Amino acid sequence: MHTLQVQGVSKQYEKVLAVNNVSFEAEPGRILGLLGPNGAGKTTSIRMITYITIPDSGKILFGGEKVGPKSQEIMGYLPEERGLYKKMKVGEQLMYFAELKGMPKKQAREAIKYWLDRMGALDWVSKETNELSKGMQQKIQFIATILHDPKLLILDEPFGGLDPINADLLQDVILELKDAGRTILFASHRMEQVEQLCDDICLISKGEIVVKGALSEVKKRYGKNTVLIDFEGSDAFLDPLEASGAVRVNVRSTRHAEIRLLNDTPSKQVLQAALQHVSDITRFELVEPPMREIFVTAVTEQQGEQALNPQSEGGAA
Amino acid sequence: MNKTFIVAKNEFMKRVKTRWFVFTTLLGPIVLVGFFTVIGFATTSAIEGGESTIVVLDQTERIAGSLSDPEGDLTFTISDADEETLRQQVLDGEYSGYLVLPAGLVDGEGSARYYSTEGGGVSSFNFDLRNIIRNTVRTLRLEDQKVSNEVFEIINAGVPLDTIKLSDEGEEQGSSAAYAIVGGIMGFLIYISMLVYGSVVMQGVIQEKMNRVVEVIVSSVRPFQLLMGKVLGIGAMGLVQMTFWAGLIAAGTMGSGAIISLFVDPANMDLPDTATQTEILDAVGFQVPDLGPEVFVFFVIYFLLGYLLFSTLFAGIGSAVEQQQDAQSLMLPIMMPIIISIVFLQAVIEAPNSGLSVALSLIPFTSPIPMVVRVAMIDVPIWQLGLSLLLLTGTFVGAVWVSSRIYRVGILSYGKKPSLREIMKWMRYA
């Protein structure tokens, strides 16, 4: 079975401990969301998994074997900062990437044709990359990542720069690969995508894991502590609630609010306050916190408010 | 298939297919020959200073009429104005200079004096002028002594000097000039190739890093394989060009007689305009050099090793920076030995067996250029060749070690341009 096991891995650069004793597993047929604020150690972790760099301590296994040149051939990595050779033709470029993954030429040619066709890009095969739009290049890069049918797929912000249609196309392929039993690592800052795609999550902050587990489990752990309310009329009732320290308003717009209940505040307190002020309530729901909430809470708890938001201290008050 | 080979093949094919490659391969020699011709002409005309008119104040009243320059660069005008007037005329730029021939000159009293704004110097102009005056005065002196025509001819007959190269295989009639030219061209080719191919490698590394392709690539191959593949692939491209050019040099040496005779004016050699090529070459003392195959073999070996050494180092530097400009300051220490070896090229050609030449051709960073020059010109002792190759190869291996350690960190480091000290630190990373 192609399980990815990261076991007690640490990596230090100069005086910075980029990754500190991190352990997690990614199962075949599931998507693991690798989350964390910028500079948390995600890229460092990914680079060790892809055998670009080597951990100072700990072990990384894929399919029970230590990662190395062999595992590289059955991995596909789409880095966040990516690029192509500008002056090479799309077809030649994909062939080069496939050859580097140890793919026989004939098989590679078939795969290139299949995927270009699937992505609606067959006409580009003999175009140079710098003739392509950014979105087109994104698609080519994605093809280069999955061309050799990797057992482990590592996708860092795969939807960046894609229009909704192409994003859907990509998502379909990703889910298809998941159903085909591939192990998928998905790194993103877009929490709604994480919520949509991931089966498991692993949240890293300052080189350490702060939250990990199945997405549903994690959500349950945080409990139903968030109120979603849709209403007609004034939203002034939110101010005294927040001022009293009973709640924190996460999202506030003309007819909608997302409210986090603090210190075991009962949800009916919010409902009562609202009833006194607004003219009508069209929705009132107690839910599990959205992924974005969990992210912010977990990271804040670990780092403290200031460390998270050093530039906007005034705005936080 | 080995990944280094796949990378090398890609680098090679990608470049060989470009117009740049075809152009430089075909036009390279033309540019090179043109370059040498321009330099040659520039040096010659700088030394000779072109044509000049000299006004002569002849107090003997018998020399001036016979003064003439066989090469026709110098024109003599007789004048009876006083020295003050002539001085003013020279200062005004009417004449290049004025020549005073004192009355007793033919009888060995006093000396001829030449006044010009440029003073003396060591140019061939002085040499020519001295010869013209000496020959004229000598002829007059001989005439005064009523020397017979036979004696006259004996004195004036040229004394030919043949230069013969001694080697273990025996004597070799051939001018060292020809060997020097071939050696010089080869040395210069190596110089150009180390710089040009070296910077092609560096540019490739920088581009890959700037395009951000490198992160995808190193998730498939080890950085070391990528580095070596790049260096070898571009090296193979260079080898194709060099082999082509070396072939041209070989052909050129065989046809060098024809080329040389194009640059020689038969009139200067006391030969009739109808002189054959062989006659002209004999007159200049030039013989088509007989280059053994080992010269070309060593040319290719030193080209390869020199290229490998420097391109590996350039690749290391390229990986540390994000823009070509940032590389300049880091390149300087590596460029120094190349510059030194080209600065001393002339010295090596003039004395290929001197201590300096031997030392330069042994020191690994400078050896490729001087050694190739020496191999072309003389029989270099086996121990020197062996030691030089050993040191160069060893240094290359060391350079690979250093560069690959810098490279694997460098290609993934973005942001601030690192200092030399930081780069040194990278080498100690696990």
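The contact takes 21 residues from chain A and 16 residues from chain B, two residues being in contact if their C-beta atoms, placed from the backbone, lie within 7 Å. This is a predicted model, in which local features need pLDDT of at least 70, side-chain atom pairs count only at pLDDT 80 or more, and totals for chains, interfaces and linings use all residues. Residues are numbered from 1 along each chain as its sequence is written, while chains are lettered from A and ligands numbered from 1 in the order in which they are written.

**Side of chain A that touches chain B**
- Two or more residues each come from α2 (69–73), β6 (75–78) and α3 (90–100) of chain A; helices (H or I, at least four residues) and strands (E, at least two) are DSSP runs, numbered from the N terminus.
- The largest share, three residues, is given by α3(A).

**Nonpolar cores**
- A nonpolar core is a set of buried Ala, Val, Leu, Ile, Met, Phe, Trp, Tyr and Cys residues joined through C-beta atoms within 7 Å, where buried means that 20 or more other C-beta atoms lie within 10 Å of a residue's own.
- The largest has 142 residues, and Phe186(A) and Met186(B) are among those with the most contacts inside it.
- A second, separate core of 17 residues includes Phe76(B) and Leu99(B).

**Confidence**
- Chain A averages a pLDDT of 89, pLDDT being the predictor's confidence in each residue, from 0 to 100.
- Over residues 310–317 of chain A, pLDDT stays under 50.
- Among the elements of chain A, strand β8 (residues 183–187) has the highest mean pLDDT (96).

Conventions:
Buried ≥ 20, exposed ≤ 12 C-beta atoms within 10 Å, placed from the backbone.
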